[in-house]
Amino acid sequence: MGQEYRRTQTTVSLINYHFVFCPRYRRKVLVKEVEQRFRKLLQEICREHELIIVALEVMPDHVHLFVNALPSISPSEIMAKVKGVTSRRLRQEFKHLQHLPSLWTRSFFCSTAGNVSSDTIQRYIAEQKTRG
């Protein structure tokens with residue numbers, strides 16, 4: 001799951017992103033009903049944008065999200081969708097979050113992962129001229 005090549009009419013890809021993002025001021029707000037609602041919203045957003053959740057860990061003061069994406073959506077677009085929708089909806093639905101101007105900080109961590117190492121890719125590219 002999330003480790004197989006995905007095909008569209010024009011692409012074949014394997015793009016995995018590891019995101020880490022936090023509520024403003026590192027507040028411990030992702031607990032109980034807020035956490036459960038956040039998980040449901042995240043599943044809806046991912047389904048709508050053809051993202052596959054490979055792994056998810058919701059801590060009270062930060063989130064680790066590992067997703068498989070198509071090349072048509074950038075990491076910053078993914079974070080904009082996830083943070084924008086969840087911030088708005090959670091603040092609408094939970095009274096104790098309404099005073100926050102935004103639920104999330106503007107920053108996030110992002111790293112890529114795949115089935116092959118950078119060394120393997122570099123060697124593959126370097127060997128292309130020698131192939132018959």
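Visitor: How are α1 and α2 set relative to each other?

Guide: In this predicted model, helices α1 and α2 are oblique to each other. Helix α1 covers residues 32-48 and helix α2 covers residues 75-93, and they pack at an angle of about 140°. Angles over 145 degrees would count as roughly antiparallel and those from 65 to 115 as roughly perpendicular, with the rest taken as oblique, and this is why the pair α1 and α2 is called oblique.

Visitor: How far apart are the axes of α1 and α2, and which hand does the crossing have?

Guide: The axes of α1 and α2 are 10 Å apart, and the crossing of these two helices is right-handed.

Visitor: Which residues make the contact?

Guide: On the α1 side they are V34, R37, F38, L41, L42 and I45, while α2 contributes K81, V82, V85, T86, R89, L90 and E93. Sorted by class, the contact of α1 with α2 has 8 nonpolar residues, 4 charged ones and 1 polar one.

Visitor: How far is V85 from S111?

Guide: Their C-alpha atoms are separated by 22 Å, and the two residues are 26 positions apart along the chain.

Visitor: Back to α1, then: is E35 buried or exposed?

Guide: E35, in helix α1, counts as buried because its relative accessibility is 17%, and the cut-off for buried is under 20%. When residues up to four places away in sequence are not counted, E35 touches L30 and V58.

Visitor: And K32, where is that found?

Guide: K32 is also found in helix α1, and with a relative accessible area of 64% it is exposed. Although K32 is not a glycine, it has a positive phi of about 50°.

Visitor: What is the phi of E50, and where does E50 sit?

Guide: E50 has a positive phi of about 55° and is not a glycine either. E50 has its place in the loop between α1 and β4, the strand of residues 52-59.

Visitor: New topic: what does D61 touch?

Guide: Setting aside neighbours within four places in sequence, D61 is in contact with C22, P23, R26, R27 and K28. The C-alpha atoms of D61 and K28 are separated by 4.4 Å, although these residues are 33 positions apart along the chain. D61 has its place in the loop between β4 and β5, the latter being residues 62-69, and at a relative accessible area of 13% it is buried.

Visitor: Zooming out, what pattern does the chain follow?

Guide: Read along the sequence, the pattern is β-β-β-α-β-β-α-β-α, with 3 helices and 6 strands in the chain.

Visitor: What is the radius of gyration of the chain?

Guide: The chain has a radius of gyration of 18 Å, whereas a compact globule of 132 residues would have one near 14 Å. Along the principal axes, the C-alpha atoms fill a box of roughly 65 × 30 × 20 Å.

Visitor: What share of the residues count as buried?

Guide: Of the 132 residues, 34% count as buried. As for contacts with a separation of 6 or more, 67% of those in the chain are between residues 24 or more positions apart.

Conventions: Residues numbered from 1 in each chain as written. Predicted model: local features only at pLDDT ≥ 70, side-chain atom pairs only at ≥ 80, totals over all residues. Heavy atoms only, no water. Axes fitted to C-alpha atoms, helices over the stretch in contact; angles between N-to-C directions. Helix = DSSP H or I, 4+ residues; strand = E, 2+ residues; numbered from the N terminus. Parallel < 35°, antiparallel > 145°, perpendicular 65-115°, else oblique. Left-handed = near helix turned anticlockwise from the far one by under 90°. Contact = heavy atoms within 4.5 Å. Nonpolar A, V, L, I, M, F, W, Y, C, P; charged D, E, K, R; others polar. Rg over C-alpha atoms; globule rule 2.2 N^0.38 Å. Buried < 20%, exposed > 50% of the residue type's maximum accessible area, 1.4 Å probe, protein only.
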